[in-house]
Amino acid sequence: MERKIRHWKLHKSKKGILTEVLLIVAFCLLFGTGLQLRVGYLLVGTALCLLQAPGMYRNYRRSCCERKRFRDVNAYLAHMVQAFADSGKILTALRATRDIFPKGSVRQLLTRAACMIEQGADPELAEEEALALIRETYDCERVRTLHDFLRKAESRGGSCNGEFRLLECMRQSWEKSL
C-alpha cells in the first residue's frame, strides 16, 4: 500500500498543506456566514470539513493516477495492434510502441520487455516472459487478450486483418464505456 501511496504522490510540502487548510477554513467560514449559522455550528462544520479533506485529496489523486493509467494502457493497446499489423513480429511491435511514449514508466517497461526478448536464449520463452511482465504491471483483461492473440498470430503467421479490426473495435468500445 505504501508503494501505491508514493506512486499517487500524496506527500505534500508543509506550505502546501497549510495553504489547503487555510482555503478550507476560509471557504467554510464564508459559506457558513452566508447561511447565517451560529458560531458553534460554524466551528463544527469547519472541523468536519477539515476532517474530510485528507480523504478527499487521496481519492482525487487516486482518480488522477487511474485516469493516467487508463490512457497509457489504451495507447499501448492501440499502438501495439497497429505496429504488429505492420510488422507481424512482437519484438518489432514493442519497439515501435515504445517509441510513441516520450518518457516515463511505460517507456521503461516496454524497453525492459524488448531487452528481455533480445537477450533471451529461447525467443518464444523470452517473448512470453516479456509479455508477462507487461501483463503483471497492468493486470488488465484487454492486455491479456491482446497478448494471447499476438502470440498465436505470430506463431501461425498469415494475414490477421479481420482480427485486428475486431481488436480495434473492442478497444474503442472500452474507451467509450469509460
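Visitor: Is D139 buried or exposed?
Guide: D139 counts as exposed because its relative accessibility is 58%. Here, buried means under 20% relative accessible area, exposed means over 50%, and partly exposed lies in between, with a 1.4 Å probe and protein chains only.

Visitor: What should I know about the model itself?
Guide: This is a predicted model, in which local features need pLDDT of at least 70 and side-chain atom pairs count only at pLDDT 80 or more, while totals for chains, interfaces and linings use all residues. Residues are numbered from 1 along each chain as its sequence is written, and side-chain values use heavy atoms, leaving out hydrogens and water.

Visitor: Back to D139: where does it lie?
Guide: D139 lies in the loop between helix 6 and helix 7. Its phi is near 40°, a positive value in a residue other than glycine. Helices (H or I, at least four residues) and strands (E, at least two) are DSSP runs numbered from the N terminus.

Visitor: And Q36, what is its phi?
Guide: Q36 has a positive phi of about 60°, although it is not a glycine. Q36 is found in the loop between helix 2 and helix 3, and it counts as exposed because its relative accessibility is 72%.

Visitor: How many helices and strands are in the chain?
Guide: The chain has 8 helices and 0 strands. Buried residues make up 31% of its 178 residues. The accessible surface comes to about 12100 Å², of which 58% belongs to carbon and sulfur atoms; such areas come from the Shrake-Rupley method with a 1.4 Å probe, and for residues only the protein chains shown count as cover.

Visitor: What share of the contacts joins residues at least 24 apart?
Guide: Among contacts between residues at least 6 apart in sequence, that share is 54%. Contact means heavy atoms within 4.5 Å.

Visitor: Which residues of the largest nonpolar core touch the most other members?
Guide: Of its 30 residues, these are Y76, M80, I90, L94, I134, V143 and L146. Helix 3 (39-87), helix 4 (90-100), helix 5 (105-119), helix 6 (123-138) and helix 7 (141-156) each supply at least two residues of this core. The largest share, 7 residues, comes from helix 3. A nonpolar core is a set of buried Ala, Val, Leu, Ile, Met, Phe, Trp, Tyr and Cys residues joined through side-chain atoms within 4.5 Å.

Visitor: What does Y76 touch?
Guide: Not counting residues up to four places away in sequence, Y76 touches L94, T97, F101, L110, I134, V143, L146 and H147.

Visitor: Which residues of helix 4 are buried?
Guide: They are I90, L91, A93, L94, T97 and R98. Seen down the axis of helix 4, these residues fall within an arc of 160°, so they line one face of the helix. The arc is that of the directions from the helix axis to the C-beta atoms. What covers them includes helix 3, helix 5, helix 6 and helix 7.

Visitor: And which residues of helix 5 are buried?
Guide: In helix 5, the buried residues are V106, L109, L110, A113, A114 and I117. They cover an arc of only 130° around the axis, which puts them on the same side of helix 5. The face turned away from that buried side carries the exposed residues Q108 and Q119. Cover for the buried residues of helix 5 includes helix 3, helix 4 and helix 6.

Visitor: How far does helix 5 reach from its first C-alpha to its last?
Guide: Helix 5 has 15 residues and reaches 21 Å, close to the 21 Å expected at 1.5 Å a residue. The expected span is 1.5 Å times one less than the number of residues.

Visitor: New topic: is D72 buried or exposed?
Guide: D72 counts as buried because its relative accessibility is 13%. D72 is found in helix 3 and, leaving aside neighbours within four places in sequence, is in contact with F101, V106 and Y138.

Visitor: Which residues form the aromatic pair?
Guide: The structure holds 1 aromatic pair. F27 and F31 form this pair, which is stacked, at 5.9 Å centre to centre and 15° between the planes. Rings of Phe, Tyr and Trp (its six-membered ring) pair if their centres lie within 6.5 Å; planes under 30 degrees apart count as stacked, over 60 as edge-to-face and the rest as tilted.

Visitor: Where do F27 and F31 lie?
Guide: Both lie in helix 2 (residues 14-34), 4 residues apart, about one turn of the helix. Both F27 and F31 are exposed.
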